[in-house]
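Hi everyone, thanks for making time.

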Amino acid sequence: PTGAGVDTVAFNPKTMEAIATEGGDGTMTFIKEKSPTSFVVEQTLPTKAGARTMVLDDKTGHVFTQTLEYGPVPADAPAPRPARGPAVPGSFTIIEVGR
């Protein structure tokens with residue numbers, strides 16, 4: 001099981017871990033491959049809501065994700081796509097996760 005809103009996944013062959021970012025609830029899940037048919041959730045790490053796009057640095061094993069904050073949703077926001085307000089200036093954040 002992972003959190004809500006999985007956007008990106010990666011696999012680290014050095015640690016045999018699958019990593020998923022879940023922007024919907026602001027978490028990152030690390031799943032360890034014990035064998036080709038056995039997997040276990042090692043950790044669900046809180047990140048920040050909206051942090052979903054991710055990259056794995058093969059050299060360091062660190063994972064990077066990013067997010068930003070949004071202001072209020074405008075009253076005239078188009079439907080049916082989920083609406084969000086404008087980006088809050090200065091709120092862009094890069095999150096680095098490593099051991």
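So, in what order do the strands of the four-stranded open sheet run? The order is β1-β2-β3-β4, and the pairing is antiparallel. For us, two strands pair if DSSP finds at least two bridges between them. β1 (6-12) and β4 (38-46) sit at the edges with a single partner strand each, so one side of each has no neighbour in the sheet. From one strand to the next, the twist averages 20°; that angle is taken between lines fitted to C-alpha atoms, in N-to-C directions, on a scale from 0 to 180 degrees.

Quick housekeeping before I go on. This is a predicted model, where local features need pLDDT of at least 70 and side-chain atom pairs count only at pLDDT 80 or more, while totals for chains, interfaces and linings use all residues. Residues are numbered from 1 along each chain as its sequence is written, and side-chain values use heavy atoms, with hydrogens and water left out.

Okay, the overall picture. The protein has zero helices and seven strands. The C-alpha trace spans about 50 × 25 × 15 Å along its principal axes. Of the 99 residues, 25% are buried. Buried means under 20% relative accessible area, exposed means over 50%, and partly exposed is in between, using a 1.4 Å probe and protein chains only.

β3 (residues 27-35) pairs with β4 in the antiparallel sense over eight bridges. If you find Thr 27, you'll see Pro 46 of β4 opposite.

Now, which strands make up the three-stranded open sheet? That one goes β5-β6-β7, again with antiparallel pairing. Its edge strands are β5 (54-56) and β7, each pairing on one side only. Between β5 and β6 there are three bridges, in the antiparallel sense, and Val 55 has Phe 64 in β6 as its bridge partner.

Let's zoom in on two residues. Phe 11 is in strand β1, and it counts as partly exposed because its relative accessibility is 39%. Leaving out residues up to four places away in sequence, Phe 11 touches Met 16, Glu 17, Ala 18, Glu 33 and Leu 56; contact here means heavy atoms within 4.5 Å.

My other pick is Ser 91, in the loop between β6 (63-67) and β7 (93-97). Is Ser 91 buried or exposed? It counts as buried, because its relative accessibility is 7%. A polar atom of the Ser 91 side chain lies 2.7 Å from the backbone oxygen of Val 88. Beyond its neighbours within four places in sequence, Ser 91 contacts Thr 67, Leu 68 and Glu 69.

Last stop, the largest pocket. Its volume is about 240 Å³. Of the 16 residues lining the largest pocket, the closest to its centre are Glu 17, Phe 30, Gly 61, Gly 98 and Arg 99. Which element gives the most to that lining? β4 does, with three residues. As for the term, a pocket is an open set of points on a 1 Å grid where a 1.4 Å probe fits, with protein on both sides within 12 Å along at least five of seven lines, and lining residues have an atom within 4 Å of a point.

Methods. Helix = DSSP H or I, 4+ residues; strand = E, 2+ residues; numbered from the N terminus. Polar contact = N/O pair within 3.5 Å; in protein donor to acceptor, adjacent residues only side chain to side chain. Points joined across faces, edges and corners; volume = space filled by probe spheres on them.
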